[in-house]
Amino acid sequence: MRQLTVLGVYGAYLALVAFIFLGGGKQMMLDAFPGALFAVTAWIGVGVIASHKAYWRLANAPPSQLDEREAQARMGAYWSAYALFVTIVFVGLVALTLGSDILRIKTWDVNDVSALVWGVFLVGLTLPTAVMMWTYEINPVEDDA
Amino acid sequence: MLHNRIAVLRAEQGVTRKDLAESVGVNPQTIGYLERGDYSPSLELGMKIARVFGVPVEVLFSFEPFETLASQLTKSNVAAAQKVQAGE
């Protein structure tokens with residue numbers, strides 16, 4: 001379920017970007033305000049990830065509020081998030097290079113930049129939490145004697 | 001993997017996970033992770049837990065699995081029976 005949430009958030013944003021740039025928004029008049037659409041979708045994504053409060057706390061609470069196990073788990077998640085982010089940037093740069101040099105796409109408009117920046121905002125704010133949601137299970141505290 | 005007797009000592013001394021967690025300054029979930037062997041504590045945390053139970057740290061943690069209580073009791077019963085048979 002947690003993994004589905006992560007897939008849903010990033011998948012929804014990617015789907016919106018593809019939908020707008022493939023011209024699907026024209027019939028629904030969505031192409032009139034794509035920047036706002038990207039912003040709202042990104043913020044909703046942040047809200048959905050942040051609603052998993054235990055994971056959000058683990059990824060974002062001040063270090064003084066975490067014990068050693070939680071700090072260790074966070075460090076692992078941040079390392080994975082960093083590696084993933086660098087990979088995404090690398091793939092993006094390769095795609096841009098191919099687009100520019102092979103497909104001869106030379107112009108960027110404000111919507112392209114808006115989609116990119118709101119995407120980076122979404123990923124930058126949520127990736128460590130998303131990595132934890134993907135890989136780490138938080139067990140509830142069992143009642144005991 | 002580091003084996004431990006936290007659950008046994010906690011049950012024996014009637015200490016809840018929350019109480020133990022508060023005593024050593026960690027989240028109660030961390031005590032659960034320790035008891036299941038899903039997390040190996042730092043030396044500092046291990047010694048704090050040992051101090052709460054009033055035992056040396058090597059009584060609480062081991063690289064080898066601890067003998068079960070049933071096995072220990074069986075051994076001590078057999079030893080006692082052998083002593084009786086030997087007329088001691």
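Helices (H or I, at least four residues) and strands (E, at least two) are DSSP runs, numbered from the N terminus. With that in hand, welcome to this predicted model, in which chain A has five helices and zero strands. Chain B has six helices and two strands.

**Chain A**

- Chain A has a radius of gyration of 18 Å, whereas a compact globule of 145 residues would have one near 15 Å.
- Along the principal axes, the C-alpha trace of chain A spans about 65 × 35 × 25 Å.
- Buried residues account for 34% of the 145 residues of chain A.
- Take the contacts in chain A between residues at least 6 apart in sequence: 73% of them join residues at least 24 apart.

**Chain B**

- Chain B is more spread out than a compact globule, because its radius of gyration is 16 Å, well over the 12 Å that the globule rule gives for 88 residues.
- A box of roughly 55 × 25 × 20 Å, taken along the principal axes, is filled by the C-alpha atoms of chain B.
- Of the 88 residues in chain B, 33% are buried.
- For chain B, 58% of the contacts between residues at least 6 apart in sequence join residues at least 24 apart.

**Where the two chains meet**

- Chain A brings 15 residues to the contact, and chain B brings 16 residues.
- About 1,400 Å² is buried between chain A and chain B, and carbon and sulfur atoms give 42% of that area.
- Looking for salt bridges between chain A and chain B, you will find that the count is zero.
- Polar contacts do link the two chains: seven residue pairs, with both residues at pLDDT 80 or more, are in polar contact between chain A and chain B.
- Helix 4 (residues 68-101) of chain A supplies four residues, the largest share of the side of chain A that touches chain B.
- Sorted by class, that side of chain A holds eight charged, five nonpolar and two polar residues.

- Look for Asn27(B) in the loop between helix 2 (17-24) and helix 3 (28-35) of chain B.
- Across to the other chain, the side chains of Asn27(B) and Glu70(A) are joined by a polar contact of 2.9 Å.
- Within chain B, the side chain of Asn27(B) reaches the backbone nitrogen of Gln29(B) at 3.0 Å.
- Setting aside neighbours within four places in sequence, Asn27(B) is in contact with Ala21(B) and, in chain A, with Arg57(A), Asp67(A) and Glu70(A).

- Trp56(A) sits in helix 3 (residues 53-60) of chain A.
- The relative accessible area of Trp56(A) is 23%, so this residue is partly exposed; to count as buried it would have to be under 20%.
- Not counting residues up to four places away in sequence, Trp56(A) touches Val46(A), Ile49(A), Ala50(A), Ala61(A), Leu125(A) and Thr129(A).
- Tyr13(A) lies 43 residues from Trp56(A) in sequence, and the two are 20 Å apart in space, C-alpha to C-alpha.

Definitions and conventions: Residues numbered from 1 in each chain as written. Chains lettered and ligands numbered in written order. Predicted model: local features only at pLDDT ≥ 70, side-chain atom pairs only at ≥ 80, totals over all residues. Heavy atoms only, no water. Contact = heavy atoms within 4.5 Å. Buried area = accessible area lost by both parts, 1.4 Å probe. Salt bridge = Lys/Arg side-chain N within 4 Å of Asp/Glu carboxyl O. Polar contact = N/O pair within 3.5 Å; in protein donor to acceptor, adjacent residues only side chain to side chain. Nonpolar A, V, L, I, M, F, W, Y, C, P; charged D, E, K, R; others polar. Rg over C-alpha atoms; globule rule 2.2 N^0.38 Å. Buried < 20%, exposed > 50% of the residue type's maximum accessible area, 1.4 Å probe, protein only.
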